[in-house]
Amino acid sequence: MPFCTVCGDEYGAGASFCVRCGTAIANVPAASLPVESGTRRFRFHGTGGRFFTLYAVMILLSMVTASIYSFWGRTNIRRYIARETELDGERFDYHGTGLELLLGWLKAMGLLLALLLVVGIATVTLDEMAGQVAGTLLIYAAFLFLMPLAMVGAWRYRFSRTSYRGLRFSFRGKPAEFVRVYVAGALLSFLTLFLYTPIWQNNIRRFLCENTYYGSARFGYDGSGSALFGRWAVCWLLAVPTLGVSLVWFWVERFRFFWNHTTFQGARLRVDIHTPGMVWLYVSNFLLNIFTLFLAYPWTQVRLLRYVLEKMTLDGAVSYERIRQEALAAGAMGEGFGPWLESSGIDSGIGL
Amino acid sequence: MTWPGTYFDGRTAARHDVAVSFGADGLELRHAGGALTVWPYWSIRGTASQSRVDLETKGELPEKLTVAAPGFEPELRRQFPALLDSGTAATGVVLKVAGIGFGATAILGVALWIASPWIGQAVASLIPVSWEEKLGEAVVRALAPESKRCKDPAIAQKMERILDELKQTTGTGYRFRLYVVDDKIVNAFAAPGGFIVLNRGLIEKTRSPEEVAGVLAHEMQHVVQRHGTRAMLRGLGIRILLAAMIGDAGWLYDLTGTLGELHFLRQDEESADIEGMKSMQAARLDPMGMVELLKTLDKEAGDLPGAIRYLSSHPQTRDRIAAMEKLARQADYTPRRLMQGTAWPPPLDSCSVGTR
């Protein structure tokens, strides 16, 4: 099966240009490049002891530096996770720096302060009631738009700093486009009493996958909103008779759904997790943390990463030689909103 | 001696199996097909963990080489000890970053501490009076609500007559408004925008209208010099800084909390004393009025520990009395007497009518 060398999209035999990106196919000596088929396994080599050291250093140094060190500490943890994660025998790598995170955070803070200043002035200058109403509305509106912008910013930054086999990932989604997807979906969810929510979440996932590139090759997504909606409807219908257990089932199901519909060239990601295993993992991790006053946190993180990654595979045909380096620059401003907007559930490597 | 390694050229994702050896000019990577890649030693950096060595070329998008064969790491360390990032180097970076961070935080903190009065002053002078009035209204609503005010309008009218005497010598764009609160605690305060609040307890301690005039002259200066507005901005600045550090955005909804806790700076108090004394003298009132009340309160402070809030918010009472007496003695006129023939303090029991 032939793939475009520029965007990685598959095209039919006899095509003269790639439908997705328009590259002329006559230039591509497709037959001469090898395609590898098979099942590629993920593995996680990290240990709780090393994780513990990284967390301990971060927490201690953050305390004496008014949390300025936390940017470096978080970067060290990300680098450790990337370098201990293996796919098909090769490790990932992370190239971000603490300084980038700090600068991104400062920019985000500046924006937030400007916003709060505007709100403060509105509250003081307008009438008592009108001022409070206007201020509240302004805050909600701003966060509705800031949230997707921060998510795109965080994805751009994180992918651009991650590499595998010497090639960088990149995220090329346009912020304005994602704001449209996100805000429209949020409002529709609200207006339909959250009936639309699974379709909205599926759209977000599609936007994420279809704008993510490894080198020159793009990821794909073929999960349909109606399929996810079906699972969601079943989960809610069974919520009362199962005393809420079906909600947990949906949460695991959505996780599987998102990953199993993610494609790359002729291959597909698969994650073979099941509800009982995930529930046991989360419950036991929770108990471990409670009874050790969170001293076991690094070990529980390793358990989680190991559990999920070792049940994840990339199945199918991939041609590594066709994938070329296409690195993009990206600032870390979106990440600066992390603490408020929780766009960085990515830290565990599981959120994505 | 060669070691097996995997090589990525940084241009495509293809893996190349290579045989690695230490050449004269650089690390030599011999490809399976016979091709040779040479990395000059100065262009290489890398890390080692668990007998796995990861090397890359310096630069934005590096070429990569991984050697997992035993024996390679010791040989590399023997020939080029500085090439691999070692654990101690990492600790050094950590300490350096910690030092820089700590220093930067300390310097920033001290700079803000020192600069905050000036920043507050500069920003406060930009705020229009109408905004100050909005702020002041909020303070008065919180600290002197309608339900706590003196029920007898005649008492407030008497106080306003004293205020009128001073208005002419404190010519500004402020419209002064005075409230008397039915509260035994000896206190008085000014809020931004021209609001002055007198507690019944303070009036009871005065022995002449001139002593009330002294308090009013002082508080009016807080308004005119915008001390309250500046104090609020300082409090806000510290809140913003704290919010930035601990990542808490909830402070915004806590704005009203700032309104209640206005702390004037010592230099604000001194300035209000001096300028207040000047306006007393310009109005031809007895300048000792400002001093006498302070003396009474100072004497009683020992008997009423904690009860006299007016003094506790105005530190160094003895020094202030001395400084103000000196200023008062410079007056070279015969003072007018206010409300002659009226008993002072006026009966205040009518304040509480209706609340019993």
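# Reading the labels in a predicted model

Guide: In helix α6(A), the buried residues are Thr197(A), Pro198(A), Trp200(A), Asn202(A), Ile204(A), Arg205(A), Phe207(A), Leu208(A) and Cys209(A); please keep in mind throughout that the model is predicted.

Visitor: What makes a residue of α6(A), such as Trp200(A), count as buried?

Guide: The label needs a relative accessible area under 20%, and Trp200(A) is one of the residues of α6(A) that carry it.

Visitor: Why is α2(A) described as largely enclosed by the rest of the structure?

Guide: Because ten of its 14 residues are buried. Those residues are Ser70(A), Phe71(A), Gly73(A), Arg74(A), Thr75(A), Ile77(A), Arg78(A), Tyr80(A), Ile81(A) and Ala82(A).

Visitor: How much of chain A as a whole counts as buried?

Guide: Of its 352 residues, 50% count as buried, and the secondary structure of the chain comes to twelve helices and ten strands. For chain B, which also has twelve helices and ten strands, the buried part is 46% of 356 residues.

Visitor: Which members of the largest nonpolar core touch the most other members?

Guide: Of its 62 residues, they are Phe51(A), Trp155(A), Phe178(A), Tyr182(A), Tyr214(A), Met312(A) and Ile323(A). The word "core" asks that residues be buried and nonpolar, and that they be joined through side-chain atoms within 4.5 Å, so membership rests on burial and on distance together. There is also a second, separate core of 42 residues, with Leu166(B), Ala190(B), Val223(B) and Leu297(B) among them.

Visitor: What does Met312(A) touch, leaving aside residues up to four places away in sequence?

Guide: The residues are Arg40(A), Arg41(A), Phe42(A), Trp259(A), Leu269(A), Arg270(A) and Val271(A).

Visitor: What makes Phe291(A) an exposed residue or a buried one?

Guide: Its relative accessible area is 68%, and since exposed means over 50%, Phe291(A) is exposed. Phe291(A) lies in helix α9 of chain A and belongs to a nonpolar surface patch whose members, including Val248(A), Trp251(A), Phe286(A) and Tyr297(A), have about 1,000 Å² of accessible area together. Helix α9(A) gives the largest share of this patch, seven residues, while α8 (245–260) and α9 (275–291) of chain A each supply at least two.

Visitor: Why is the pair Glu75(B) and Arg78(B) called a salt bridge?

Guide: The label requires a nitrogen of Lys or Arg within 4 Å of a carboxyl oxygen of Asp or Glu, and here the N to O distance is 2.9 Å, so the pair qualifies. The two are separated by about one helical turn, because they are three residues apart in helix α1 (residues 72–79) of chain B. In general, an α-helix has 3.6 residues a turn, so residues three or four places apart point the same way.

Visitor: How far apart are the closest N and O atoms of Glu292(B) and Arg207(B)?

Guide: They are 3.9 Å apart, which is within the 4 Å cut-off, so this pair is a salt bridge as well. Glu292(B) lies in helix α10 (residues 288–301) and Arg207(B) in the loop between α5 (200–205) and α6 (209–224) of chain B, so the bridge ties together parts that are 85 residues apart in sequence.

Key
Residues are numbered from 1 along each chain as its sequence is written. Chains are lettered from A and ligands numbered from 1 in the order in which they are written. This is a predicted model: local features need pLDDT of at least 70, side-chain atom pairs count only at pLDDT 80 or more; totals for chains, interfaces and linings use all residues. Side-chain values use heavy atoms; hydrogens and water are left out. Patches are made of residues with over 30% relative accessible area and no salt bridge: like charges are joined within 9 Å, nonpolar side chains (Val, Leu, Ile, Met, Phe, Trp, Tyr) within 5 Å. Accessible areas come from the Shrake-Rupley method with a 1.4 Å probe; for residues, only the protein chains shown count as cover. A salt bridge is a side-chain nitrogen of Lys or Arg within 4 Å of a carboxyl oxygen of Asp or Glu. Helices (H or I, at least four residues) and strands (E, at least two) are DSSP runs, numbered from the N terminus. Buried means under 20% relative accessible area, exposed over 50%, partly exposed in between (1.4 Å probe, protein chains only). Contact means heavy atoms within 4.5 Å.
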